[in-house]
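Q: Could we go through this structure together? I would like to start with the contacts within one chain.

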Amino acid sequence: MTDKLDKVPAGSPTPAGVPPEAIKAIPVRHYGRWVAGVVVVALLVLLGYAFSQGNVRWATVPEKLFDSTILSGLWHTILISVASMALGLVLGVVFAVMRLSKNPVTSSVAWLYIWIFRGTPVYVQLLIWFSLALIFPVFNIGFYKDEMTDVMTPFLAALLGLGLNEGAYMAEIVRAGIQSVDEGQTEASHALGMSQSKTMRRVVLPQSMRVIIPPTGNEFINMLKTSSLVVAVQYPELLRAAQDIASTSFAIMEMFFVASIWYLILTSVFSVGQYYLERHYARGSLRSLPATPWQKIKANLSRFSNREAVAK
Amino acid sequence: MTAMVKAEGVHKSYGAAHILKGIDLEVNNGEVFCLVGPSGSGKSTFLRCINHLEKINSGRLYVDGQLVGYRQKGDKLYELKDSEVAVQRRDIGMVFQRFNLFPHMTALGNVMEAPIQVKGESKAVARERAERLLDRVGLRDKMGNYPSQLSGGQQQRVAIARALAMEPKLMLFDEPTSALDPELVGDVLDVMRDLAESGMTMVVVTHEMGFAREVGDNLVFMDGGVVVESGHPRDVLGNPQHDRTKAFLSKVL
């Protein structure tokens with residue numbers, strides 16, 4: 001090694017046109033990384049072995065994965081998650097704007113809403129909506145009157161329970177987003193003669209999206225999983241469907257695996273969607289957009305083949 | 001001839017801080033009116049009062065004969081609604097020190113936004129004018145770029161085009177070149193000079209004494225919330241009468 005370095009005396013001027021010689025040094029050996037890698041792989045193997053020895057009828061899992069009850073449950077999980085999230089988003093924007101308004105009444109009401117719905121467990125909220133008939137047997141709002149048990153269907157109880165809870169979280173996320181937009185933006189918009197609401201819709205909210213979307217994506221992924229709690233209000237979603245089959249087939253663990261696989265698929269698909277949404281709203285804030293995963297793969301492949309070509 | 005801007009005893013304070021202590025001045029139609037003075041003298045605050053971004057505490061402020069932010073009926077003063085203030089602002093363009101372009105829109109989108117949203121213009125009409133204005137400020141080839149892809153000088157020129165798109169009768173400039181690298185200042189000043197030559201009424205808060213001397217028709221030196229000295233830029237800058245003006249100019253010239 002020292003011989004090699006001696007051949008190139010330090011500080012010798014590089015002749016014009018000849019690229020400077022790249023450093024050829026022996027890299028530091030990371031023995032710790034090798035040890036850690038081996039230990040982790042060994043543990044994984046042990047875990048896999050344990051599961052293979054467990055009393056699991058693995059064949060049941062793929063068999064039941066596309067069972068019509070499961071697929072129907074899956075559909076209901078998507079439905080209730082999307083509907084609750086939509087309700088949460090609308091409420092979130094409304095309460096965020098109320099919270100930031102100069103009117104002390106609206107801002108305190110918004111604060112109260114967030115305090116109550118963020119401060120109590122969503123499971124309890126679901127049970128309260130579902131049991132509303134206990135204190136209000138009849139639903140009566142003047143022009144419409146019905147038995148509460150008919151009005152408060154499992155779907156409505158689930159929607160209100162999840163949606164109102166989500167609204168409280170979204171209100172805080174949206175508020176943070178709105179406050180992240182520079183005041184100069186509002187001033188510029190006002191100076192152009194744009195009204196308060198146009199300023200909010202055209203200037204502030206689109207820019208706050210960049211701050212709002214990442215946590216909202218998290219919220220939605222959370223929602224997909226939290227929706228399993230609506231088992232409590234008899235809503236026939238994915239976990240309920242899995243439990244129904246489990247109770248008749250006695251493949252209890254297997255059905256939990258089936259449900260888990262579907263939850264993983266759902267969250268993975270929506271994570272990809274979130275990535276592209278974030279990329280869309282990054283327009284203008286970054287000089288050049290980050291590459292999509294697909295573009296990265298292509299770039300890596302071409303770099304790899306270039307390197308091989310050079311090596312040859 | 002009525003003055004484009006007329007201030008009578010304008011006061012402004014933020015809590016205990018008394019920023020403007022009775023400003024009286026008149027800006028004539030078609031003139032370039034420069035406001036100079038040390039930082040904290042209240043010149044930017046006064047500029048922001050002209051389009052009611054700041055509310056004045058006492059006195060009267062008129063733009064083109066209209067009271068800014070209020071309506072006088074008999075001897076009573078009524079505050080204007082937000083929507084009425086917005087209507088007043090349509091005719092007053094403003095250029096900020098920090099550009100304040102909308103980062104989520106392209107240069108073209110920035111210039112088209114207000115005419116479409118405020119005046120209800122069709123996209124085609126707004127686009128045609130926006131292209132013409134961006135061409136005028138020398139950014140024909142940057143129309144599709146987002147602000148983050150433009151230099152400070154280019155951003156400020158887009159901001160000028162954006163304000164002009166509303167076809168204002170008065171333009172306010174709040175230290176338009178203070179946030180720029182020295183070599184970019186010239187381009188922005190060129191655009192402003194061109195605008196002045198076209199007859200636009202301009203109120204300019206600036207530290208560019210060369211620009212004030214060359215383009216300005218009138219100049220006011222402010223310090224401590226009052227007008228210390230005013231007159232033709234050549235006279236005020238060349239032969240200041242007041243000690244405070246002399247002290248300030250000796251530092252900046």
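Q: In chain B, what share of the contacts with a separation of 6 or more comes from residues 24 or more positions apart?
A: Such residues account for 62% of those contacts in chain B, where contact means heavy atoms within 4.5 Å.

Q: What kind of model is this, and how are residues numbered?
A: This is a predicted model, in which local features need pLDDT of at least 70, side-chain atom pairs count only at pLDDT 80 or more, and totals for chains, interfaces and linings use all residues. Residues are numbered from 1 along each chain as its sequence is written, chains are lettered from A and ligands numbered from 1 in the order in which they are written, and side-chain values use heavy atoms, with hydrogens and water left out.

Q: How many helices and strands has chain B?
A: Chain B has nine helices and twelve strands. Helices (H or I, at least four residues) and strands (E, at least two) are DSSP runs, numbered from the N terminus.

Q: How much of chain B is buried?
A: Of its 253 residues, 56% count as buried. Buried means under 20% relative accessible area, exposed over 50%, and partly exposed in between (1.4 Å probe, protein chains only).

Q: Now to chain A: is helix 9 mostly covered or uncovered?
A: Helix 9 of chain A, residues 183-191, is mostly covered, since seven of its nine residues are buried. Among them are A:Gly184, A:Gln185 and A:His190.

Q: What do those buried residues pack against?
A: They pack against helix 10 (196-226) of chain A, together with helix 1 (43-50), helix 2 (82-89), strand 8 (92-95) and helix 5 (152-164) of chain B.

Q: Which residues does A:Glu187 touch?
A: A:Glu187, found in helix 9 of chain A, touches B:Arg48, B:Leu53 and B:Phe96, not counting residues up to four places away in sequence. A:Glu187 counts as buried because its relative accessibility is 17%.

Q: What follows helix 9 of chain A?
A: Helix 9 is followed by A:Gly193, whose phi is positive, near 90 degrees.

Q: Changing topic, where does B:Lys142 lie?
A: B:Lys142 lies in the loop between helix 4 (123-136) and helix 5 of chain B. With a relative accessible area of 23%, B:Lys142 is partly exposed.

Q: Which residues is B:Lys142 in contact with?
A: Leaving aside neighbours within four places in sequence, B:Lys142 is in contact with B:Ala107, B:Leu150 and B:Gln154.
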